[in-house]
There are 2 protein chains.
Amino acid sequence: MKAPGERLHDTQGSGLARVNPDLASERLTASFCVPSLTAVLDGGAERTRVRRAVVDVIESDPVFSRENQYFQSQNERYEAAVRKAVHLRKKMQDMGWSEDGPESVYIYRALSGDVAFLLHRVFMRSISVLGSDKQVAKWIPLATEHRLIGSYAQTELGHGTYLQGLETTAVFDISTQEFILNTPTISAMKWWPGDMGRSATHTVVFAQLYIHGKCYGVHPFIVQIRSLQDHSPCPGVIAGDIGPKMNFEHIDNGYLMLKNVRIPRENMLNKFCEVQPDGTYIRHGSQQINYFTMTSLRISLIADEVILPLMKACTIAIRYSVVRRQSKLKPGEEEAKILDYQTQQEKLLPQLAAAYAFHFINNYLHELFNKGYKEIQGRNFALLPELHALSSGFKAMISQYCTSGVDICLRACGGHGYSLLSGLPSLYTKILASCIYEGENTILLLQTARFLIKCFTAARAGQPVPPSVTYLAAMKPRKCPAKDKLDFLSPDIYTEAYQHAAIRLISSTAAKLQDLIQSGAERHEAWNQCTVQLVQAAKAHCHYITVKNFVETVEKLENTAGIQNIMKHLCDLFALHGIFSNAGIFLHDGYITGAQMDMVTASYLDLLGIIRKDAVPLVDAFDFTDKNLNSALGSYDGQVYQRLYEWAQKAPTNKQISPAYEKYLKPLLHNKLSKL
Amino acid sequence: MKAPGERLHDTQGSGLARVNPDLASERLTASFCVPSLTAVLDGGAERTRVRRAVVDVIESDPVFSRENQYFQSQNERYEAAVRKAVHLRKKMQDMGWSEDGPESVYIYRALSGDVAFLLHRVFMRSISVLGSDKQVAKWIPLATEHRLIGSYAQTELGHGTYLQGLETTAVFDISTQEFILNTPTISAMKWWPGDMGRSATHTVVFAQLYIHGKCYGVHPFIVQIRSLQDHSPCPGVIAGDIGPKMNFEHIDNGYLMLKNVRIPRENMLNKFCEVQPDGTYIRHGSQQINYFTMTSLRISLIADEVILPLMKACTIAIRYSVVRRQSKLKPGEEEAKILDYQTQQEKLLPQLAAAYAFHFINNYLHELFNKGYKEIQGRNFALLPELHALSSGFKAMISQYCTSGVDICLRACGGHGYSLLSGLPSLYTKILASCIYEGENTILLLQTARFLIKCFTAARAGQPVPPSVTYLAAMKPRKCPAKDKLDFLSPDIYTEAYQHAAIRLISSTAAKLQDLIQSGAERHEAWNQCTVQLVQAAKAHCHYITVKNFVETVEKLENTAGIQNIMKHLCDLFALHGIFSNAGIFLHDGYITGAQMDMVTASYLDLLGIIRKDAVPLVDAFDFTDKNLNSALGSYDGQVYQRLYEWAQKAPTNKQISPAYEKYLKPLLHNKLSKL
């Protein structure tokens with residue numbers, strides 16, 4: 001009988017059964033119970049059960065297989081993704097899974113995102129949020145039944161984050177009761193929307209609304225772009241695929257040009273504003289809810305698109321690092337597992353700790369978000385600024401950290417990490433996009449910084465501020481009280497160091513801003529001159545909240561099966577790694593002295609050795625199946641070399657004699673003798 | 001008539017002629033003469049002439065075009081690379097270019113490495129260096145005429161850097177006067193050698209030599225692997241392609257298994273050691289030259305594979321950043337060029353400064369190498385340890401820095417940087433490999449560290465040390481004398497800060513090592529426990545030498561045409577960026593105080609504004625052609641949006657109606673009405 005933790009770890013049809021002994025031995029000495037930790041990560045054993053059931057269903061269906069993913073062209077990836085999307089609809093009906101059921105979060109995770117029509121979901125969400133009841137009643141059923149494929153056309157070739165700069169126009173023609181949509185310049189072309197290059201029949205277009213020659217700003221319009229009879233472009237529509245990207249080959253990110261495309265008046269999404277038949281423009285209620293949509297998107301992507309990839313990369317790199325042996329640690333002994341080298345530990349284990357830290361902060365953000373959502377339903381928007389600031393800053397900070405973490409894992413696997421078959425290159429090229437989409441990270445951090453500066457000023461003036469920033473009111477210019485390296489394993493000591501650093505960076509930048517303005521700089525110019533430091537301050541704030549939340553999470557964990565213990569070590573490691581790697585921030589004003597920094601370093605390096613022992617169980621607890629990892633290096637059985645060899649043989653480069661031989665090589669090489 | 005600096009900047013057949021006015025205006029205000037700086041970078045105007053002549057020849061030949069590179073499959077890239085390699089041979093004959101002529105360095109640069117048979121050159125080099133005169137006389141003419149295609153099979157599936165661990169065996173059979181080669185385990189399979197997967201007919205195999213059951217260690221053997229009649233594998237040979245990688249799609253990195261493959265005794269490369277007919281093993285002279293080969297390889301790759309990609313990435317990102325406008329810096333004005341934001345300057349301009357810094361340190365390394373080469377020809381090996389340590393450390397430090405620099409440039413271009421058409425993704429995925437091949441960076445830095453610790457100990461004992469490390473003898477526990485931010489523009493001030501930091505890190509790690517050993521740790525274990533800090537120390541040493549060399553280079557530049565001036569600014573920026581980003585190292589012992597660090601920050605941020613003005617001329621001086629950049633974002637004319645649109649239309653995704661429509665979409669969508 002298989003143990004629960006092993007149930008899902010098939011060997012992906014390779015016929016390999018034996019676990020590599022170097023990997024097996026790592027599992028014998030775990031200081032905690034792996035399934036218990038998995039349950040903690042899932043939020044309870046029941047959720048683990050649901051997740052595994054979903055994974056079983058998805059992975060046992062050959063249509064959802066990713067087996068050939070690394071060998072496919074952009075065209076093949078797209079075709080497979082469309083097939084999966086269509087098949088998924090049927091599957092969900094068969095299984096009785098709904099879009100908001102307990103299974104839904106696990107479905108896309110099990111598919112590893114390799115499925116089309118994600119923008120169709122955004123299309124639906126935007127109609128639900130921005131459309132009137134009548135519009136919802138018309139479009140949502142059509143979309144639900146996939147009788148149309150929707151997309152969401154906001155970004156333009158020359159315009160991204162700055163929505164006010166969009167150039168597409170929608171002019172109201174009172175005589176026909178239509179909007180006439182146009183792409184006035186090349187930079188106004190819609191560019192990047194997913195599902196739009198080849199699939200979508202409809203899209204929500206964001207355009208500048210003009211009535212009687214007056215501009216009313218950016219509004220959303222439903223526009224049909226392809227025929228439902230033969231999929232040809234509608235009159236006045238020029239659309240296509242934007243070509244190859246660093247990843248997302250399966251998605252048809254598209255371009256769209258509109259030339260006098262006419263749509264009925266009813267196609268402007270009009271929950272919040274309306275153009276009446278006579279051209280009168282009316283605004284209904286608050287648009288703050290738009291603000292909330294962005295917040296919701298940013299928070300929702302953190303788990304699947306950012307933290308999961310890091311967890312996968314850690315799993316692959318850590319398993320590989322106990323199978324791979326290289327050089328000798330001790331003369332005369334056999335070659336050492338590379339994870340026994342301090343430098344390899346120092347690359348990988350902080351990434352592992354970060355994956356846990358971010359998993360827990362993600363829970364915190366979701367709680368905050370759900371609380372905010374309830375308030376908003378009761379028309380209370382008070383939580384919005386904090387929620388917006390946190391979602392912006394954390395999306396940026398976590399995506400940047402995790403992207404760098406995946407990169408480190410890839411490089412730590414040497415040459416084999418560089419092979420697509422390791423799974424690491426595609427994890428990297430995909431997670432990298434998360435630093436750019438849904439708000440470019442630098443811009444997001446500056447939004448957080450603006451909130452922090454505002455709160456700091458308010459707090460120092462004795463005004464009330466949101467809970468996450470009350471610490472800014474504290475004014476205690478102190479020194480770190482640590483006396484030896486063990487003191488740095490005290491959460492109070494390091495959490496206060498982070499708090500101190502965040503306050504110092506925020507207050508010193510606020511002071512610089514003030515100085516510049518007082519010495520005559522214009523406000524916007526002063527702001528620009530402080531932005532490098534504002535970004536630092538926003539990161540320090542998010543880092544502090546992450547550490548604090550990790551500490552609080554550990555405190556709340558029951559000490560069953562050694563879990564609290566090992567989580568405490570990871571928390572310490574995450575915190576001390578941050579101090580070690582950003583030493584300048586803590587040393588700057590002498591809060592931590594050079595001698596204390598040596599203690600930090602000593603404790604940090606000691607922790608590497610401690611966590612090293614549990615490294616494999618700690619990644620096993622993430623409970624990824626081999627199929628989900630899709631990595632020749634990271635499988636549960638550690639049969640790294642066999643799998644690399646077997647997979648390589650399936651490559652298209654080995655399936656044909658290259659025409660290059662006949663055309664170019666044979667004329668050079670051909671010889672009466674076959675041997676020299 | 002075109003100005004010299006513009007001669008090469010065609011518009012890649014796009015029919016675009018006009019330079020984007022936002023980009024054009026940047027060129028009007030250059031504080032220096034661009035062609036003069038190009039000549040400085042080339043090492044004289046004559047070299048510029050030769051380089052451009054080569055580039056003209058290569059780029060005007062359609063066989064060498066990279067126009068469709070971003071749309072091609074691995075098979076297509078391979079075929080094109082083989083075609084180019086074969087065509088190149090003819091071209092070089094036609095042009096009278098030789099492999100060691102003045103043109104040679106520019107040929108591969110102009111081809112952007114997209115050509116096969118680079119390992120054929122390594123095959124030839126290894127025979128020249130390791131083969132006897134007789135072997136050279138037999139094999140080199142065959143290889144030169146391409147009557148065989150060679151490869152170089154050292155790395156194994158389970159063995160990389162640690163050569164002693166190789167498992168392939170070569171057993172001498174005295175009865176037939178042959179070596180019998182075998183791959184005893186799966187991890188012994190040769191894995192990664194370029195040109196071996198599909199092209200090579202011969203390869204140099206590194207294997208453990210056995211005679212009469214005794215192992216004599218790793219030796220090189222020439223092995224034929226494919227027939228010269230029909231290219232089929234020779235008996236006992238199993239070879240193929242290792243499959244898709246993160247880049248290098250054009251190269252057939254291969255695997256090779258040998259089963260009782262017999263080769264004549266004469267095929268062991270025997271300049272340095274020989275197996276006589278009776279099985280007697282004889283070693284001739286020194287093997288230190290092998291050491292030198294690695295050094296030479298590492299130094300030779302820095303320019304083309306590491307620094308050039310960063311220069312290209314800077315060119316693309318900086319040109320794009322003055323064309324792209326986003327948001328408003330000042331209310332009421334038009335949207336600002338993104339390079340006018342401090343955060344964008346802080347991303348890109350330090351990378352630009354680093355590209356210059358590394359170009360100059362590369363010149364320094366080449367001078368040192370050439371000097372060493374002369375000494376070695378005179379049988380003096382005294383320079384070898386220093387050369388080995390410097391080449392290892394600088395290969396690691398520069399490749400790591402430049403890889404991160406390319407990554408920053410990519411992200412700084414937002415969504416468009418993520419498109420393959422920007423050219424940035426392939427620059428990144430390729431340069432990343434340079435952190436891994438020819439010695440994994442961490443291992444290389446530890447080799448440098450070993451040298452530094454040795455020299456430090458010697459220096460402190462008053463013994464003589466090589467010139468690059470004499471500074472370690474200094475013992476001056478001082479404070480940085482800077483009094484205001486302008487002091488940090490003094491090269492003496494910052495060079496001394498770097499020197500101080502390097503000495504501190506080396507001496508403190510040496511002390512830790514000593515302490516551990518004195519308190520009973522075994523030597524190898526003590527070493528392992530210091531490796532994280534040893535890596536830091538080695539990096540600090542290389543960083544110091546780079547800054548010092550930049551300062552000395554600037555001093556030597558004549559101040560013609562404003563060049564010394566602008567180079568001084570770049571040197572300051574490179575140095576202060578390093579202090580700003582690694583503040584902890586300088587603050588640790590109070591050499592630089594917090595107040596002084598604020599001065600560093602102020603001067604650093606001021607410099608960004610100064611260099612911003614010359615950013616475009618500074619990348620124009622790199623003198624890349626549009627064809628060489630192959631970037632829709634980076635062309636000389638700045639017609640970013642038009643080019644993205646034109647190139648996207650050529651994508652294969654736009655050349656066919658996807659079968660996905662008929663198969664999966666039509667059954668869902670098809671409707672009697674074409675419109676909803």
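Here is a short exchange on how some labels for this predicted model are reached.

Reader: What should I know about the numbering and the model?
Author: Residues are numbered from 1 along each chain as its sequence is written, while chains are lettered from A and ligands numbered from 1 in the order in which they are written. The model is predicted, with local features needing pLDDT of at least 70, side-chain atom pairs counting only at pLDDT 80 or more, and totals for chains, interfaces and linings using all residues; side-chain values use heavy atoms, without hydrogens or water.

Reader: Why is A:E438 called partly exposed?
Author: Buried means under 20% relative accessible area, exposed over 50%, and partly exposed in between (1.4 Å probe, protein chains only). A:E438 has 32% relative accessibility, so it counts as partly exposed.

Reader: Where is A:E438 placed, and which residues is A:E438 in contact with, leaving aside its neighbours within four places in sequence?
Author: A:E438 sits in the loop between helix 12 (424-433) and helix 13 (441-460) of chain A; helices are DSSP runs of H or I, at least four residues. Its contacts (heavy atoms within 4.5 Å) beyond those neighbours are A:L297, A:R298, A:L301, A:K395 and A:L444. An unreviewed UniProt entry annotates A:E438 as "active site", though such annotations may be inferred rather than shown by experiment.

Reader: What makes strand 7 and strand 8 of chain B a pair?
Author: Pairing takes at least two DSSP bridges between two strands, each strand being a run of E, at least two residues. Here 5 bridges join them, running antiparallel, with B:A239 opposite B:L256.
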